[in-house]
Each structure stands twice: as structure tokens, then as C-alpha cells.
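Subject: Structure handed over, with notes

Hello,

The structure we talked about is below. My notes on what was found in it follow directly after.

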Amino acid sequence: MGTGAGTKLLKEIGNAQHSVKISSPYLSPKMVDELVWLHKKGIKVTLITSDKFDSRSYRQEKSIQPLVVQNRHLNESANRIRKRWLFTQKVLIVGIIALTLFLVVLTILSYDSAYIYGLGIALLLFLCSRYARRKTKNIKIYSYTYSSLFPFKVFVAPDSYQINDMFIHGKIYIIDGRTAYLGSLNFTESGTKYNYETRIRVTDIEAVRQIEEEFDVLYDHPDLAFFGIEEWGKSIYAEPINQSSSELRVTFS
């Protein structure tokens, strides 16, 4: 107990050989990065956490972002149409430039200002190019789906919407199905390193089995609302409809 109560916990999580299961209502990005690192090592990671329903004030967005994978799908048919409009736009622009230069040269060489009226054709071509540009910009060639880097659930925390009555406040850490930690420390830098926290370490195999069973029941709880992966994806990532759209809407400093 005390400050640094999570020192041994973090060491054991980092040395996991097979699996890590964590339930913590609060997370910090740096700690989530540790889970991403474990996943890349081949460790099976499962995470439970919570957040408010109001999508405009997600506290966990910065932490959850690395766990949500955006998959972009190309509509080949729409892309071919867009390429034709893009080609048309380029041809019109070249035509405008060539026609304008030609008329200017003719006017200068012939001393006949009547050729200037030919710029009306150039103006018409310009308006056509603007229309082609608008078509190119507005054709949707991409659609998006989302997947999770590893299994996680973000349960809706109780608030004024009263979607869930129960707040998942318990902190559970299970490592390789052989060691469990229970206590007050959240999976945050402050909770594991700086706050005054308490925790107990459980190594009795039967007790750990029961704790893991409870974790699994909680993860699959049929009566608790949670944020779906698609909802997370759409709140975190931009979904540009084609290459001319901005690629990023949300940046984290």
C-alpha cells in the first residue's frame, strides 16, 4: 500500500507470458501504450473500462484511440467515375490556358481587339471546369469500418441519462491466469505510481480462477450498455470521402 503500490503490478504485467486482463474505470494513454506493446509481443490482452455517454466529452478518447483500427474500403466503380471527372477537369484547365494565350497572341499580332471576345469561350470552359471540380470533390469513393486492436469494452458510466445504474469501479488485474491484483489503483500513471493506493496480490490458483471467471462474466454482461467499436471509430477518426478531403479531424497534443 501507499505511493508506488503498482510497482510490482506493472513489472508483472510487463513480464506476462500469455495473457493480461484488466478492469479499470480510468486509464491514461501511457498505460494503454503498455498494453499495445504487450499485444504486439503476442500477449492476449483484454480490457474493461468506463466512460460518460455524452460523446462530446469523452474522457477516455485519448486513451482508447490506439485501440481502434480504422479500415478504409475503396468503391472501385465510384473511383473510376471520379477519375473521369478529374481528367475532364484537367483537360478543361489546359484548354482554358491554351485558348487564352492563343487569343492574346492573336490580338497582339493582328491589332484587332475583336479576338478578346473569344475569352467568353474561355469563361464558359472555366465554369465547366468548376463544375467538374465540384463533381470530383463530392464523389464518395471510400467507406469505413472499425475493428479493435484487442478485445476491450467501454461500459457507459451512470449519469443523467441513466442508461446504466451500475458503475464498473472495481480494479482487477489478472496475469497469465496465475496471479491477480485487487485494490484501489486505477490503470493510470498516478494510480500505479504516485497516489496513495492499496492492493492485494492473489496467487492461490483457485482464487485467481474465480476472479478471472468474474471478470469474464462482467465483460459479457448482458444488461450493461457499452460503446460499440463503430461509435468509437466515428468519434475519433475523420472519414474523408476521397483524396481531396482532409485526412484528420482529431489531433491529440
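Phe227 is buried, with a relative accessible area of 4%; buried here means under 20%, exposed means over 50%, and partly exposed covers what is in between (1.4 Å probe, protein chains only). Trp232 also counts as buried, at 0% relative accessibility. This is a predicted model, in which local features need pLDDT of at least 70 and side-chain atom pairs count only at pLDDT 80 or more, while totals for chains, interfaces and linings use all residues. Residues are numbered from 1 along each chain as its sequence is written, and side-chain values use heavy atoms, with hydrogens and water left out.

Aromatic pairs

A search of the whole structure gives 7 aromatic pairs. Rings of Phe, Tyr and Trp (its six-membered ring) count as a pair if their centres lie within 6.5 Å; planes under 30 degrees apart are called stacked, over 60 edge-to-face, and the rest tilted.

One of the 7 pairs is formed by Tyr173 and Phe187. The pair is tilted, with 6.1 Å centre to centre and 50° between the planes. Tyr173 belongs to strand 6 (residues 171-175), and Phe187 to the loop between strand 7 (179-183) and helix 6 (189-194), so the pair links distant parts of the chain, 14 residues apart. Helices (H or I, at least four residues) and strands (E, at least two) are DSSP runs, numbered from the N terminus. Tyr173 is buried at 0% relative accessibility, and Phe187 is buried with a relative accessible area of 1%.

How are the rings of Phe227 and Trp232 arranged? Their centres are 5.8 Å apart and their planes stand at 65°, so this pair is edge-to-face.

Salt bridges

The structure holds 7 salt bridges, each defined as a side-chain nitrogen of Lys or Arg within 4 Å of a carboxyl oxygen of Asp or Glu.

Three residues, Lys21, Glu212 and Asp216, are linked in a network of salt bridges. Lys21 counts as buried at 14% relative accessibility, and Glu212 counts as buried at 18%.

Lys21 also forms a salt bridge with Asp216, at 2.8 Å, N to O. Because Lys21 lies in strand 1 and Asp216 in helix 7, this pair ties together parts that are 195 residues apart in sequence. Asp216 is partly exposed, at 32% relative accessibility.

Another salt bridge joins Lys234 and Glu239, whose closest N and O atoms are 3.3 Å apart. Lys234 is partly exposed at 44% relative accessibility, and Glu239 is partly exposed at 31%.

Surface patches

Patches are made of residues with over 30% relative accessible area and no salt bridge; like charges are joined within 9 Å, and nonpolar side chains (Val, Leu, Ile, Met, Phe, Trp, Tyr) within 5 Å.

A nonpolar surface patch is made up of Val104, Val105, Ile108 and Leu109, which together have about 380 Å² of accessible area. Accessible areas come from the Shrake-Rupley method with a 1.4 Å probe, and for residues only the protein chains shown count as cover. Leu109 is in helix 4 (residues 76-110) and is exposed, with a relative accessible area of 65%.

Contacts across the sequence

Glu76 is placed in helix 4 and is partly exposed, with a relative accessible area of 46%. Glu76 and Ile141 are 65 residues apart in sequence, and their C-alpha atoms are 7.3 Å apart in space.

Tyr181 is in strand 7 and counts as buried at 0% relative accessibility. Between the C-alpha atoms of Tyr181 and Val202 there are 6.1 Å, with 21 residues separating the two along the chain.

Regards
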